[in-house]
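Subject: Structure handover

Hello,

Here is the structure I said I would pass on. Please open it next to this email and follow along.

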Amino acid sequence: KDTPAGSNGVIFTPWLHGNRCPFEDSNARGMFINIGLDTGKTELIRSVLEGVCYHMRWMLEAQEKKTKTSETIRFVGGGALSPVTCQILADVLGRKLETVDNPQNVGAVGAAITAAAGLGIIDGIAQAEKLVTISHTYTPYGCNRKVYDAGFIVYKNLYRDNRRSFAACNSLL
């Protein structure tokens, strides 16, 4: 949380097992870029979070070419337990972000609601809105938007500029 937005220029690409969306390339790999002598572990750690968020932005951008998406993003899973991660994601996406109680258990909660609706215990899936409540809301910090918009352009170019190198490196294996 003490490292500034943009990780002092360090960017991480999270393609450790290749990538499937918004592009499919089994050769794509993760990398850190722009590391200097003064780069510390906090910049590296934050850049990993930012890289994952940049990739979520890229997927959302691709999805929006086909269909309108919600202005508010509901963030669930273990990552939603971290207020720092939630704020970074809101800032990178430039959208309001909501989390729910026990976000790491939403799959089980959804299955239980579906079963309860099917068994007639609740009136229907629409009841989920009353059963799953918002616990936190994160609003993007405008001051971080310029940093993340610039970083996002670099992030996407990292794949485009390195795809042939990824293929060359991995064809040797």
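Predicted model: local features only at pLDDT ≥ 70, side-chain atom pairs only at ≥ 80, totals over all residues.

Side chains of opposite charge can pair when their charged atoms come close.

Arg57 belongs to helix H1 and Asp149 to helix H5, so this pair ties together parts that are 92 residues apart in sequence. Is Arg57 buried or exposed? Arg57 is buried, because its relative accessible area is 14%, and the cut-off for buried is under 20%. Asp149 has a relative accessible area of 27% and is therefore partly exposed. The pair is also part of a network: salt bridges with shared partners join Arg57, Arg145 and Asp149.

How many salt bridges does a search of the whole structure find? The search finds eight. Two others are described here.

Glu64 forms one with Arg95, and the closest N and O atoms there are 2.1 Å apart. Glu64 lies in helix H1, while Arg95 lies in the loop between H2 and S4, so the pair ties together parts 31 residues apart in sequence. Glu64 is partly exposed, with a relative accessible area of 35%. Arg95, at 9% relative accessibility, counts as buried.

Lys68 forms a salt bridge with Glu71, with 3.1 Å between the closest N and O atoms. Both of these residues are exposed.

Now the overall layout. The protein has five helices and five strands. Read from the N terminus, the order of elements is β-β-α-β-α-β-α-α-β-α. Along the principal axes, the C-alpha atoms fill a box of roughly 60 × 40 × 30 Å. Of the 173 residues in the protein, 36% are buried. If you take the contacts between residues at least 6 apart in sequence, 72% of them join residues at least 24 apart.

Helix H2 covers residues 83-93. How many of its eleven residues are buried? The count is nine, so the helix is mostly covered. The buried residues are Thr85, Cys86, Gln87, Ile88, Leu89, Ala90, Asp91, Val92 and Leu93. What lies over them includes H1, S3, strand S4 (96-100), strand S5 (134-138) and helix H5 (142-171). After H2 comes Gly94, which has a positive phi, near 70 degrees.

Helix H3 runs over residues 106-118 and contains Ala116. Ala116 counts as buried because its relative accessibility is 13%. Which residues does Ala116 touch, leaving aside those up to four places away in sequence? They are Ile121 and Ile122. Gln127 is eleven residues from Ala116 along the chain, and the C-alpha atoms of the two are separated by 10.0 Å.

Next, the surface. The accessible surface of the protein comes to about 10,300 Å², and 57% of this belongs to carbon and sulfur atoms. Two patches can be pointed out.

One is a nonpolar patch of about 300 Å², made by Phe32, Ile35, Val48 and Val52. Ile35 sits in the loop between strand S2 (31-33) and H1.

The other patch is positive and is formed by Lys65, Arg160, Arg163 and Arg164. Where is Lys65 found? Lys65 is in the loop between helix H1 (41-64) and strand S3 (72-74). At 69% relative accessibility, Lys65 counts as exposed, since the cut-off for exposed is over 50%.

Across the whole protein there are 19 positive and 16 negative side chains. The centres of these two sets lie 5 Å apart.

Regards

Notes. Residues numbered from 1 in each chain as written. Heavy atoms only, no water. Patch = residues over 30% accessible without salt bridge, like charges linked within 9 Å, V, L, I, M, F, W, Y side chains within 5 Å. Areas by Shrake-Rupley, 256 points an atom, 1.4 Å probe, with all protein chains shown as cover. Salt bridge = Lys/Arg side-chain N within 4 Å of Asp/Glu carboxyl O. Lys, Arg positive; Asp, Glu negative; His and termini not counted. Charge placed at Lys NZ, Arg CZ, Asp CG, Glu CD. Helix = DSSP H or I, 4+ residues; strand = E, 2+ residues; numbered from the N terminus. Buried < 20%, exposed > 50% of the residue type's maximum accessible area, 1.4 Å probe, protein only. Contact = heavy atoms within 4.5 Å.
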